[in-house]
Amino acid sequence: MAKKPTKKLYTDFYRTMFKMRRFEEEVFEFYKKGLMPGLAHLYLGEEAVATGCCAAIAADDYIGSSHRGHGHLVARGADTAKMMAEILGKETGYSHGKGGSMHIMALDLGILGANGIVGGEIPIATGAAYSALYRGTKQVAVSFFGDSATNEGTFHESVNMAAAWNLPCIYVIENNLYGISVDIRDVTNTENLADRAKGYGIPGVVVDGMDVEAVYAVMEEAVARARAGKGPTIIEAKTYRWQGHHVGDPGDYRLRRDTKEKEKWMKRDPVAAFRAKAIKDGIPESEILKIENEIETEIRAAVKFAVDSPYPDPSEAFDDIFCE
Amino acid sequence: MREIQYRDAVCEALDEEMARDPNVMMIGEDVAFIGGNFKTSVGLYEKYGDLRMKDSPISEAGIVGMGVGMALTGLRPVVELMFSDFLLVAADQVINQMAKIRYMSGGQAKVPMVIRCPIGGGRSSAAQHSQSMQAMVSHFPGMKVLVPSTAQEVKGLLKAAIRDDNPVVVFEHKMEYSNKFEIDDSIELIPIGKADVKREGTDITIVATSSQVMKSLKAAEKLAGEEISAEVIDLRSIIPLDRDAIIRSVKKTGRLLIVDEAYEFCGIGAEIAANLQEDIFYDLDAPIGRIATPNVPLPFSPALEFPIIPSVEKIIARVHDLTQR
């Protein structure tokens, strides 16, 4: 069993989850105010997954991220001001406005790119794992994707190769039950997507994606396994997105099976639940409030930075296609 | 100068680059143990081992995507797709991932990888193993596209491609693999983006790619007997396109014929004609001609296939058309 988290890790969990929450709330505000070009896929409700997973890996490990990728970046300690600026299409953003919400890349943090194609980043993260094995670095690669990506061919191709070659890759399925409007339970005859691991001869673990400590524990085990050269693991985190597929999608299609579905999941708010638990476990509320104040200050500054930043010059559309 | 088969020139390029740089590796279907479906990597598995010469499962999207991940993290992978037709199986990873990641990252990322794949008809391989995908790939921004003609070109360009920090797709012509060419070992690298005048002439410029260069040279030889002087330009690279080399030649000859084996509609000839017309329109003594594969799926029977693909006879006939005006 994984060891009990230290107090520092405990407060870090909360800091990260609260930051994700506040970040996404402000992204939603951008949309409502008409400040954001295009759309964004919010991570609200899924905070415990990226937080628990990223707490279990090292600074030089790799992350493959999806269209719903803001949480992964925040969990890696990405600069929230540069993220916000990118989401608004500004010159000061991570990609100077060329990527936007779906393609925020922070190569210096091992983020190999968020990806607008469902399942598109799975082989890329797998290639990074191959590269780690090739170079003998003991790094691992973590591939985050949603439930629906498990029905893309790239999922099968990648996991198959990682299993065949014992690659240090961890596949994290963020099962929020829906691919846009389609219920995964209506298009897949497997109760637990992690069960697919059996077909590849690797471990598949189901974990409560609303419980950051539980996610952290299974991830630690998978990472240790990968680093020891024992190959990949599939982790399925059962979670729920509070909003629709993207900002502006009310997501009401989710109530057809159970009108109380959303309500039930929202009662399990991973951020609020962990806050209560932290206090119960002896973290003084004053410390929690201090963290919240710090995050609030950071997020407000990020919003201001993004809003105040200039747009790129139109001529920059022609930059960065090739390198010299 | 020495004589060498096209396939061995490919193998030499791979061998030399793998020996030079420990981060160069190769992955693909049947590339390792049997040395490639077209025997273009024979002996490299024995020399470099399993990690650097990787036989993959039949997972085209998976291996191209793996290549992208490797290239982002310090390796210089060469991914072989057994036929260029299989680019379509991997299309998302080629077009949306490999070619776009640098741009989408605002220049943070480099993707130094090569995809090698054979093109061309002539082997009765029918509609899914005979296509020439260079026009389709060239439609998308973010990757260099090479169409080497001879053993010299394939060796020098492949080596340059492996050293390039950008994604490069190298199209090798499967009808050339067994052909022998003279090769000059003093030429190590061929710069990407430079066309080569393979034969000088004054009456017409024939711009050709890949195997069509050799067909064009044969046609030019026959045309010389009729006192028609054809200049043959080996394009070598479609992206980047050496516009200046073509413009310079057409200003001299006043006529232009483009020969490429990809489909005619939205093809290489169409692009070159449209791309250059503002620069050469008033130098032209005849319309710009093109020879390509007409827009039909490549048929199986040689009786149907050979009349469809470009040939020496078609090039001569078209040059006659264009020079009589």
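User: How do α5(A) and α6(A) lie relative to each other?
Analyst: This is a predicted model. The two helices pack at an angle of about 15°, with their axes 8 Å apart. Angles under 35 degrees count as roughly parallel. The relation of α5(A) to α6(A) is therefore roughly parallel.

User: Which hand does the crossing of α5(A) and α6(A) have?
Analyst: Two packed helices are described by the angle between their axes and the distance between the axes. For α5(A) and α6(A), the angle is about 15° and the distance is 8 Å. The crossing of α5(A) and α6(A) is left-handed.

User: How do the residues of the contact of α5(A) with α6(A) divide by class?
Analyst: From α5(A) come Ile122(A), Pro123(A), Thr126(A) and Ala129(A). From α6(A) come Thr154(A), Phe155(A), Glu157(A), Ser158(A), Met161(A) and Ala162(A). By class, the contact has six nonpolar, three polar and one charged.

User: Which helix gives the most to the side of chain A that touches chain B?
Analyst: The contact between the chains involves 34 residues of chain A and 34 residues of chain B. On the chain A side, α5 and α6 (153-164) each supply at least two residues. The top contribution is 10 residues, and the helix that gives them is α5(A).

User: How many nonpolar, polar and charged residues does the side of chain A that touches chain B have?
Analyst: This side of chain A is made of 34 residues. Among its helices is α5(A), with 10 residues. The classes are 16 nonpolar, 13 polar and five charged.

User: What is the strand order of the open sheet in chain A?
Analyst: The sheet has five strands, with parallel pairing. Its edge strands are β1 (62-64) and β6 (204-208) of chain A, and each pairs on one side only. From one strand to the next, the twist averages 20°. The order is β1-β2-β3-β7-β6 (chain A).

User: What is the bridge partner of Asp208(A) in β7(A)?
Analyst: β6(A) and β7 (residues 233-238) of chain A run parallel, joined by five bridges. One residue of β7(A) is the bridge partner of Asp208(A). That residue is Lys238(A).

User: What angle does the direction of helix α5 of chain A make with that of β2(A)?
Analyst: Helix α2 (residues 47-55) of chain A lies across β2 (141-146), β3 (169-175) and β7 of chain A, and runs at about 165° to β3(A). Helix α5 (residues 122-135) of chain A packs on the sheet too, touching β1, β2 and β3 of chain A. With the direction of β2(A), the direction of α5(A) makes about 170°.

User: Is Lys138(A) buried, exposed or partly exposed?
Analyst: Lys138(A) sits in the loop between α5 and β2 of chain A. Its phi is near 70°, a positive value in a residue other than glycine. A residue is buried at 20 or more other C-beta atoms within 10 Å, and exposed at 12 or fewer. Lys138(A) has 15, so Lys138(A) is partly exposed.

User: Where in chain B is Ser124(B) found?
Analyst: Ser124(B) is not a glycine, yet has a positive phi of about 50°. Ser124(B) counts as partly exposed because 15 C-beta neighbours lie inside 10 Å. Its place is the loop between β5 (114-119) and α6 (134-138) of chain B.

User: Is the peptide bond from Ile239(B) to Pro240(B) cis or trans?
Analyst: Pro240(B) lies in the loop between β12 (237-239) and α9 (243-253) of chain B. Omega of the bond from Ile239(B) to Pro240(B) is near 0°. The bond is cis.

Notes:
Residues are numbered from 1 along each chain as its sequence is written. Chains are lettered from A and ligands numbered from 1 in the order in which they are written. This is a predicted model: local features need pLDDT of at least 70, side-chain atom pairs count only at pLDDT 80 or more; totals for chains, interfaces and linings use all residues. Two strands pair if DSSP finds at least two bridges between them. Helices (H or I, at least four residues) and strands (E, at least two) are DSSP runs, numbered from the N terminus. Axes are lines fitted to C-alpha atoms, for helices over the stretch in contact, and angles run from 0 to 180 degrees between N-to-C directions. Two residues are in contact if their C-beta atoms, placed from the backbone, lie within 7 Å. Ala, Val, Leu, Ile, Met, Phe, Trp, Tyr, Cys and Pro count as nonpolar, Asp, Glu, Lys and Arg as charged, and the others, Gly among them, as polar. Angles under 35 degrees count as roughly parallel, over 145 as roughly antiparallel, 65 to 115 as roughly perpendicular and the rest as oblique. A crossing is left-handed if the near helix is turned anticlockwise from the far one by less than a right angle, and right-handed if clockwise.
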